[in-house]
Amino acid sequence: MRADMTDHSHLEELIARIALRDRAAFSALYRATSAKLFGICLRVLVDRAKAEEALQEVFLKIWNRADRYRVTGHSPMTWLITVARNHSIDRLRAEGPPTLDLDDVAPMAAPGPSPEASAIAAGEARRIGACLDELPEARANAVRGAYLDGQSYKDLAELHGVPLNTMKTWLRRSLLSLKECLSR
Amino acid sequence: MTDRPEDQMPDFESLAAEYALGLLDGQERSAFEAMLRRDLAAASALADWQARFAAMAEAEVEAVAPPARIETAIEAALFSEAGRPASIWDRVAFWRGVSALSSAVAVAAIGFALLPLVNPPGPVGPTTPPPDAAIPPGTILMTHLLPVEGSGLGLALFRQPNGTLQVRRVAGGPTPGRAQQVWLVLGDDTPPISLGLLGDEPQTTLDPAPEISARFGVGAAVAISDEPAGGSPTGAPTGPILAVGELVAL
């Protein structure tokens with residue numbers, strides 16, 4: 001993997017230029033991130049043809065929403081991955097209501113996360129792998145199953161052979177442990 | 001929810017994590033979405049969980065190179081002539097519109113002295129001054145936006161040295177149920193950049209982002225288009241041009 005692939009400020013600059021309708025910046029962003037985002041679409045949707053369609057739609061969304069990237073306060077890779085993951089999950093559950101876009105979620109008057117808060121979140125995020133490893137494996141996999149396979153509480157309960165409410169309690173406790181581990 | 005652990009994590013923390021994982025349904029989900037819109041702490045908790053789960057996916061999901069045809073298809077959808085919704089902004093038609101403005105009717109409707117304005121830069125291209133040319137500090141740019149094809153809409157626009165734009169209606173008014181959207185037009189190769197929507201009141205102040213503001217210069221043009229309420233859904237102009245004008249230094 002190329003070293004500049006996750007280069008925060010480089011990607012941020014490309015997104016800012018895309019907001020100004022710069023096609024060269026769009027091509028550069030595609031070259032730098034399409035393999036990772038295709039990996040995400042494929043992981044969620046499994047079917048290759050569906051993942052290819054989803055990737056196209058994800059990049060159309062990136063082109064059309066680049067001007068609103070900044071209001072999310074996210075790092076560029078967080079934004080890109082979340083757009084790809086949410087879009088793929090919405091396709092997977094075509095019948096449900098769509099997941100809110102990140103820029104819809106930011107309250108209108110909010111200044112966004114402070115740079116300090118973003119930095120803390122970014123540092124925490126890097127440790128999430130280690131913290132997931134501290135959970136019992138089945139519980140860490142339930143978190144992954146919900147995020148990357150679009151599994152509902154009902155799916156997870158069936159998969160793990162426990163009653164629905166037990167599954168909810170499990171998962172909420174796991175999230176609590178995760179947050180506690182991340183903030184250590 | 002009797003089974004929700006309440007001891008350490010504030011309720012919205014656990015809801016935010018569940019929401020980011022896509023685990024909330026129905027009423028719980030709509031209630032949390034309503035909370036997001038009014039509660040900064042909940043929105044910021046969600047942003048943190050989204051960043052954490054995205055980092056998990058970034059670390060754990062393998063990159064897979066997509067087939068080359070995908071990029072071709074994306075570029076065709078975005079940039080091909082057929083697919084471009086903004087073809088009316090083709091420069092020739094655009095400047096034909098500007099030329100049409102030199103009619104006495106348009107001038108009279110506005111009641112401004114139009115000294116440096118109606119001077120279409122002929123065929124497109126290198127003769128047009130580069131709009132990116134640096135503006136000397138302290139320069140106020142202005143234009144009279146003249147009505148196109150009987151729209152009756154006339155405006156004066158001033159760009160203050162700090163980048164703030166003041167747009168004043170001097171003829172015509174808002175169209176009920178429609179929006180009037182302001183665009184910066186730089187040239188052939190650059191699609192118009194949205195500067196915002198005109199308000200119903202006689203004067204609208206717009207404050208473009210610094211990277212957009214930096215692209216103002218003598219020779220660039222500003223235009224108003226008719227759009228659905230709330231503005232263009234595509235990010236490019238979709239309706240007819242109502243008024244245009246070229247920026248000059250004051």
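1. What percentage of the contacts in chain B with a separation of 6 or more comes from residues 24 or more positions apart? In this predicted model, such pairs account for 66% of those contacts in chain B. The chain is built from 7 helices and 9 strands, and of its 250 residues 36% count as buried.

2. The two chains touch each other, with 62 residues of chain A in contact with 50 residues of chain B. Several helices of chain A each supply at least two residues to the side that touches chain B, including helix 3 (48-65), helix 4 (76-92) and helix 10 (164-182), while the largest share, 10 residues, comes from helix 2 of chain A. Sorted by class, this side of chain A has 35 nonpolar, 15 polar and 12 charged residues.

3. The largest nonpolar core has 71 residues, and those with the most contacts inside it are A:Cys41 and A:Val58 from chain A, together with B:Ala16, B:Leu46 and B:Ala57 from chain B. Helix 3 of chain B, which covers residues 40-60, gives the largest share of this core, namely 12 residues. Apart from this core lies another, of 27 residues, and among them are B:Leu155, B:Ile241, B:Leu242 and B:Leu247. As general background, nonpolar side chains in soluble globular proteins tend to be buried together.

Key
Residues numbered from 1 in each chain as written. Chains lettered and ligands numbered in written order. Predicted model: local features only at pLDDT ≥ 70, side-chain atom pairs only at ≥ 80, totals over all residues. Core = buried A, V, L, I, M, F, W, Y, C linked by C-beta atoms within 7 Å. Buried ≥ 20, exposed ≤ 12 C-beta atoms within 10 Å, placed from the backbone. Helix = DSSP H or I, 4+ residues; strand = E, 2+ residues; numbered from the N terminus. Contact = placed C-beta atoms within 7 Å. Nonpolar A, V, L, I, M, F, W, Y, C, P; charged D, E, K, R; others polar.
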